[in-house]
Every structure is written in structure tokens, then in C-alpha cells.
Amino acid sequence: MRALDPARTERADAFALWMKAPMPMVTLFKTLDVTPLTRQSRKFNMLMCWCVGKAASQVEQFYLLPVEGGMMEYDRLAVNTVVALRDGGISTCDIPFSKDLEQFEADYLRLTALVRDTCRPFDLEDHMVIGTSALVQTEIDGAVNIYAGCYNNPFMIWGKCRKRWFRTLLPVSFQFHHTQMDGAHAARFLELLQEEIRQFHSQVKASG
């Protein structure tokens, strides 16, 4: 990762407009058809995280992030997931994104087990991290996350899947910092995410 002069990046105008705004976050809502992922229901959260990373890796704005009043450019992405701990609490775990699903799954299982056993978060400070939170206890229509001013990373929230005839639907909320990307970039990411989910089985067969 490297520090950039925001004025010399494609996000210069957005940085000037939104970096000091009291609420620079934008939230988009979309309902995804996640039917292909539910065929491996025990791995659903891992597969969602992998598809999120795969879609984000195709949108160059995800590699930029406003940090402490400046702009950082990253070479690698990670997807963060919330882990239930042995003591009843929760913590977070950053999973390095890999296009290789087997590698991503191995890292996911290893690192979430580490967080669960140690009751301590696992952070990857040299990765641009996409946050996720799965509220699987209930169906939700959407969520707007808090903005504390110190965590500018994009964030995705979803709840319990919904069965609709022969399909399984999942409403998601995607929150992003306006200096990192515009609504068009976020919308493209959500379209790519749906396409990655739709093509999941063919992608797995091709990689195998």
C-alpha cells in the first residue's frame, strides 16, 4: 500500500467535496438472487464473502481508501467477517481475498478459527478491507450503518435468506465513503456481485 496525494488522483474532486462532510457515507440497497450459493448452505457466508471480494476486485475504486485525512492505494483486498466467540461475544476477522476459492476457503476456516479460539480480532492493515455483517437471525429489508469518522471502509450487511418459489433471495445493504467511489461505481459492484453469484457453479467447475 502507498500514500497518495488526493489532488493527483481521479477522486480529487470527490475528496475535496466529501472528505470533511459530516456524513460522507452513501448506502445502496439491492435484492440478490443467491440460489446458486444455497446449494452449499453450510458454506453460505464464506461463499458470499468470496463473491463480494471477486466482484470488488473488478472495480478499481475499491483499491483506494480515504485514511486519516489522506488517500491510500492498496495492492490487495480482504473481506472482513464477524465471528461468534466461545465466550458468547463477537469479534472480527479479515480474510485475504484470493480468486482461488479453495485458497480463500482454507484461509477463511483457519483465520475464523483463530479468532474464535483466541477471542481476539485478526486485522490485515496492508489490505483494503471490505466489511460484512450477516444478521441471519431475522429477515431484514436493509440497514444503514453508523459512521464514526475513523472507519471509512465499504461495508455490506445482510440478514436471513428468503425463499420465493424456486429461488432464494437476499436483500443487502452496501455502504461506501463518497470519496472512494460514486454511486455508479457502487452500482456496478452490485451488478458484478449478482453476476458472480449467478455464475458460481460454472466458475467452480472451470477452476477445478
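Visitor: Which residues do ring pairs link into a cluster?
Guide: The model is predicted. Rings pair if their centres lie within 6.5 Å. Ring pairs of this kind join four phenylalanines into a cluster: F62, F174, F176 and F189.

Visitor: How many aromatic pairs are there by this rule, and is the pair of W50 and F200 stacked or edge-to-face?
Guide: The count comes to 7 aromatic pairs. The ring centres of W50 and F200 are 6.4 Å apart and their planes stand at 75 degrees. Planes over 60 degrees apart count as edge-to-face, so the pair of W50 and F200 is edge-to-face.

Visitor: How many residues apart in sequence are the parts that W50 and F200 tie together?
Guide: Both W50 and F200 are buried. W50 belongs to helix α3 (residues 44-56) and F200 to helix α6 (residues 200-207), so the parts tied together are separated in sequence by 150 residues.

Visitor: Is F189 buried or exposed?
Guide: Buried means under 20% relative accessible area. F189 has a relative accessible area of 0%, so F189 is buried.

Visitor: How far is the sulfur of C119 from the closest cysteine sulfur?
Guide: A search of the whole structure finds 0 disulfides. C93 is in none, as the nearest cysteine sulfur, that of C49, is 9.6 Å away. A disulfide needs sulfur atoms within 2.5 Å. For C119 the closest cysteine sulfur is in C93, too far for a bond, at 13 Å.

Methods: Residues are numbered from 1 along each chain as its sequence is written. This is a predicted model: local features need pLDDT of at least 70, side-chain atom pairs count only at pLDDT 80 or more; totals for chains, interfaces and linings use all residues. Side-chain values use heavy atoms; hydrogens and water are left out. Rings of Phe, Tyr and Trp (its six-membered ring) pair if their centres lie within 6.5 Å; planes under 30 degrees apart count as stacked, over 60 as edge-to-face and the rest as tilted. Helices (H or I, at least four residues) and strands (E, at least two) are DSSP runs, numbered from the N terminus. Buried means under 20% relative accessible area, exposed over 50%, partly exposed in between (1.4 Å probe, protein chains only).
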